[in-house]
Amino acid sequence: MSRKKKKKRSRKTRKIILCSVLGAAAAAVLLFWGLFYIREVEVVGNTRYTAEEVEDMVISGFLDHNSVWLSVFRRQINLEDVPFMESVEVEYLNRGSVRLFVTEKHPIGYVNLNGIRYYFDQEGLVLEAVHDSETLEPGGTALAGNAEENTSSSVSSGSVSSSAERSGTDSTEEQKAEGYSPALTDLPLVTGLSVDTAAVGEKLQVEDASVFNTIQALVRMMEKYSIQPDSIEFAEDLTVTLHYGDVQVRLGADTDLEEKMTRVAAILPELEGMSGVLHLEDFTEDTPNIVFGQE
């Protein structure tokens, strides 16, 4: 056999070997991809976005559909550019499923400046700024000023706990029906803080930062009893007034808040359709009756 033919055969052999190797590699990749293709995703810790929305945020590219790739090379995914999201950690469960652990930013309320809602956390840090037109309106309209009392009546502080329980059950069912709330309609408007400017990533400048602890405590109890107000108003001395439609609930100073909010949850159902001021400024555990000044 001539040298020329030998070289030609050698080149042909190398091509066959190369094609075989590439084909085997491609088959291995496809096999690997098929074996570890994600078919089930479990999402944990999400409250502001649905599981489907979180999944779309994380599994956005072709490679992301592979459980090994996602759990090894994208194990911790930074989502700080998404409103109220911090990060997602990926856990490998088996070759066809992963678990996504969601870490969210937790706003506790918002202030409204020039038609923009600035949502802030428990430290007063602004997490997001949203124009009024971009979100749904809260459940009602906040009232301003101090209403004068025309008539007075007494409401027993412990006689309507069953009404509060019924109210809480109804509200819970409504929340379940509504599902997740990226529109943030469950967070209260906060007024009276004398905030002139605000910016995302910066803390709201207030005279006394303890006000944020008060807001956080109130929001926690509002969620517990499902009694979301239209707004939380702070006076200059940081006394608190809650606005529920035409009813003002004056809590006074940040003392005995849990006991006060327990009474508010019990009494509010009895005040439906009424207008006036519920006084809890001087409330203590020994207070037998709570005065409601009806207008």
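Start by selecting strand S12, residues 247–252. Strands here are DSSP E runs of at least two residues, helices are H or I runs of at least four, and both are numbered from the N terminus. S12 is mostly covered, with 6 of its 6 residues buried; buried means under 20% relative accessible area, exposed means over 50%, and partly exposed lies in between (1.4 Å probe, protein chains only). This is a predicted model, where local features need pLDDT of at least 70 and side-chain atom pairs count only at pLDDT 80 or more, while totals for chains, interfaces and linings use all residues. Residues are numbered from 1 along each chain as its sequence is written, and side-chain values use heavy atoms, leaving out hydrogens and water.

Now show the side chains of S12. In a regular strand the side chains alternate between the two faces of the sheet. Val247, Val249 and Leu251 point one way, Gln248, Arg250 and Gly252 the other way, and all are buried.

Look for valine 240 opposite glycine 252. The two strands form a hairpin with 2 residues between them, and in the turn glycine 245 has a positive phi of about 60°.

On to strand S13, residues 276–279, which pairs with S12 in the parallel sense over 4 bridges. Here valine 247 stands opposite glycine 276. Follow the chain from S12 through helix H6 (residues 257–267) to S13: this β-α-β crossover is left-handed. For reference, a crossover is right-handed if, with the strands pointing away from the viewer, the path from the first strand over the helix to the second runs clockwise.

Now jump to aspartate 121, in the loop between strands S6 (116–120) and S7 (126–131). What is the nearest side chain of opposite charge to aspartate 121? That is lysine 203, 7.2 Å away, and the buried aspartate 121 has no salt bridge (a side-chain nitrogen of Lys or Arg within 4 Å of a carboxyl oxygen of Asp or Glu). A polar atom of the aspartate 121 side chain does lie 2.9 Å from the backbone nitrogen of leucine 125.

Last stop: asparagine 78 in strand S2, residues 76–78. Is asparagine 78 buried or exposed? Asparagine 78 is exposed, because its relative accessible area is 53%. Its side chain reaches the backbone nitrogen of glutamate 80 at 2.9 Å.

Key: Lys, Arg positive; Asp, Glu negative; His and termini not counted. Polar contact = N/O pair within 3.5 Å; in protein donor to acceptor, adjacent residues only side chain to side chain. Pairing = 2+ DSSP bridges.
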